[in-house]
Amino acid sequence: MAEKFRLQIITPERIFYEGEVPFIEIKTTEGPMGIYKNHVPTTLILSPGVLKIYEDEGVKRAALHTGFVEIQQEKIVVMAEIAEWPEEIDVKRAEEARIRAERRIKDDSQDDSVARAEIALRKALARLEASGK
């Protein structure tokens, strides 16, 4: 079994998670990453996606939106705009947001509007994936 490190996930509204874990998977602007204890220290930008927290009891999943992750050898701090457990996600609302974003991407030729729609789509997809839908 891998050694554990301290994981803290913070949003503007709350401390979302604190605990000792052996491994996490997280999505950054550099791509998906798996992180164990003693990882090379770095700071990365989060992309909307699903965070997987590996605990002794199993894997917890959460939807994360934009933010930062600070990786130290003994501790990881995730500062997210939004973090949601599956039971906190309004699946119907996320599905409606996905449909709206896909429609805006298809119908709109303005670059800035398409970029905003693509971000909205990634957030909706993260919520749906985390919720298991």
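Student: Which residue has its charged end over the ring of Trp-85?

Tutor: This is a predicted model. A charge counts as sitting over a ring when NZ of Lys or CZ of Arg is within 6 Å of the ring centre and within 35 degrees of the ring normal. Here the charged end lies 5.4 Å from the centre of the Trp-85 ring, and it belongs to Lys-60.

Student: Is Trp-85 buried or exposed?

Tutor: The relative accessible area of Trp-85 is 14%. Residues under 20% count as buried. Trp-85 is therefore buried.

Student: How many aromatic pairs does the structure hold?

Tutor: Rings of Phe, Tyr and Trp pair if their centres lie within 6.5 Å. By that rule, the number of aromatic pairs in the structure is 4.

Student: What kind of pair do Tyr-17 and Trp-85 form?

Tutor: Their ring centres are 6.3 Å apart, and the planes stand at 65°. Planes over 60 degrees apart count as edge-to-face. The pair is therefore edge-to-face.

Student: How many residues apart in sequence are the parts that this pair of Tyr-17 and Trp-85 ties together?

Tutor: Tyr-17 belongs to strand β2 (residues 15–21), while Trp-85 is in the loop between β10 (83–84) and α1 (91–107). Tyr-17 is buried, at a relative accessible area of 7%. The parts joined by the pair are apart in sequence by 68 residues.

Student: Which residue forms one aromatic cluster with Tyr-17 and Trp-85?

Tutor: Tyr-17 and Trp-85 are paired edge-to-face. The cluster that holds both of them also includes Phe-16.

Student: What kind of pair do the rings of Phe-23 and Tyr-36 form?

Tutor: The centres of these rings are 4.4 Å apart, with the planes at 35°. Planes under 30 degrees apart would be stacked and those over 60 edge-to-face, with the rest called tilted. The pair of Phe-23 and Tyr-36 is therefore tilted.

Student: Which strands does the pair of Phe-23 and Tyr-36 tie together?

Tutor: Phe-23 is buried, with a relative accessible area of 15%, whereas Tyr-36 is partly exposed at 47%. The parts they join are 13 residues apart in sequence. Phe-23 lies in β3 and Tyr-36 in β4, so the strands are β3 and β4.

Student: Where does Asn-38 lie?

Tutor: Asn-38 has a positive phi, near 70°, although it is a residue other than glycine. Its relative accessible area is 41%, so Asn-38 is partly exposed. Its place is the loop between β4 (31–36) and β5 (42–46).

Note on methods
Residues numbered from 1 in each chain as written. Predicted model: local features only at pLDDT ≥ 70, side-chain atom pairs only at ≥ 80, totals over all residues. Heavy atoms only, no water. Helix = DSSP H or I, 4+ residues; strand = E, 2+ residues; numbered from the N terminus. Buried < 20%, exposed > 50% of the residue type's maximum accessible area, 1.4 Å probe, protein only. Phe/Tyr/Trp six-rings, centres within 6.5 Å; stacked < 30°, edge-to-face > 60°.
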